[in-house]
Amino acid sequence: MFIAFEGLDGSGGTTQIALYQAALQAAGHTVCRTREPSDGPVGKLIREELAGGVIGDDVFGMLFAADRRDHLDRVVNPALARGEVVLTDRYFLSSLAYQSQALGLDRVWSLNAEFPAATAVVMLDLPPEACLRRVEARGAVRDRFETLDQLQRIAAAYEAAILRCRARGDRIIRIDASGTPDDVHQRVRGAVWPR
Ligand code: TYD
């Protein structure tokens, strides 16, 4: 079981993945919780670049794909082979939404063509304005994608990417991410596995 959490910055993915992990563990599952950009060498480079880098958009798109290959090889596939439930905070849908801004969906699609679909994708739906309020409330330094204008564009790109992924059969579950963390968690548990 390989479940990816997706959504705009501020949509609550990191909180929800932690709550879902705890629920699965309480039900007796062994969970591997991970994220992209990964904690491997390519993921570290990407995080530095997100904070203000010099790498061009096309190479940046390739780096996300390289990090994804490394993440699958070193973390995700070994955990799946051990029979664990893998929860990842972001997967290729993030590239399709974020990198398509600069590269177009077709280019990002081809960069990510080799990656297997997750068993399910949990898409946390929250309007860009609400996401930005949450990001601002965190008080963290904004990365290169965290302005309202950018979030609106990325939200539209997520819609296009979701249509394309669903057309080939990917399972994408849309969750209303408004309300308290526990409200959203109950929606996730009601919609994803195990019910
Ligand atoms: P994020 O999950 O927000 O990490 P953190 O909460 O630790 O800052 O991810 C960092 C940023 O990376 C986020 O703005 C989305 C972006 N991103 C892409 O542009 N493409 C991708 O393929 C992935 C996985 C993330």
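Colleague: Why does Asp73 count as partly exposed?

Modeller: Happy to explain, with the reminder that this is a predicted model. Asp73 has 46% relative accessibility, and partly exposed covers what lies between under 20% for buried and over 50% for exposed, so Asp73 counts as partly exposed. Arg69, at 29%, is partly exposed by that reasoning too.

Colleague: What makes Asp73 and Arg69 a salt bridge?

Modeller: Their closest N and O atoms are 3.2 Å apart, and the cut-off is within 4 Å, so the pair qualifies. Asp73 and Arg69 are separated by about one helical turn because they are 4 residues apart in helix 3. Along with Glu114, they are linked in a network of salt bridges.

Colleague: Which parts does the salt bridge between Arg68 and Glu36 tie together, and why?

Modeller: In that salt bridge the closest N and O atoms are 2.7 Å apart. Arg68 sits in helix 3 and Glu36 in the loop between strand 2 and helix 2, so the pair ties together parts that are 32 residues apart in sequence. Both Arg68 and Glu36 are buried.

Colleague: How do you know that the buried residues of helix 1 line one face?

Modeller: The buried residues include Ile17, Tyr20 and Leu24. Seen down the axis of helix 1, the buried residues fall within an arc of 165°, so they line one face of the helix. Among the elements covering them are strand 1, strand 4 and helix 9.

Methods:
Residues are numbered from 1 along each chain as its sequence is written. This is a predicted model: local features need pLDDT of at least 70, side-chain atom pairs count only at pLDDT 80 or more; totals for chains, interfaces and linings use all residues. Side-chain values use heavy atoms; hydrogens and water are left out. Buried means under 20% relative accessible area, exposed over 50%, partly exposed in between (1.4 Å probe, protein chains only). Helices (H or I, at least four residues) and strands (E, at least two) are DSSP runs, numbered from the N terminus. The arc is that of the directions from the helix axis to the C-beta atoms. Contact means heavy atoms within 4.5 Å. A salt bridge is a side-chain nitrogen of Lys or Arg within 4 Å of a carboxyl oxygen of Asp or Glu.
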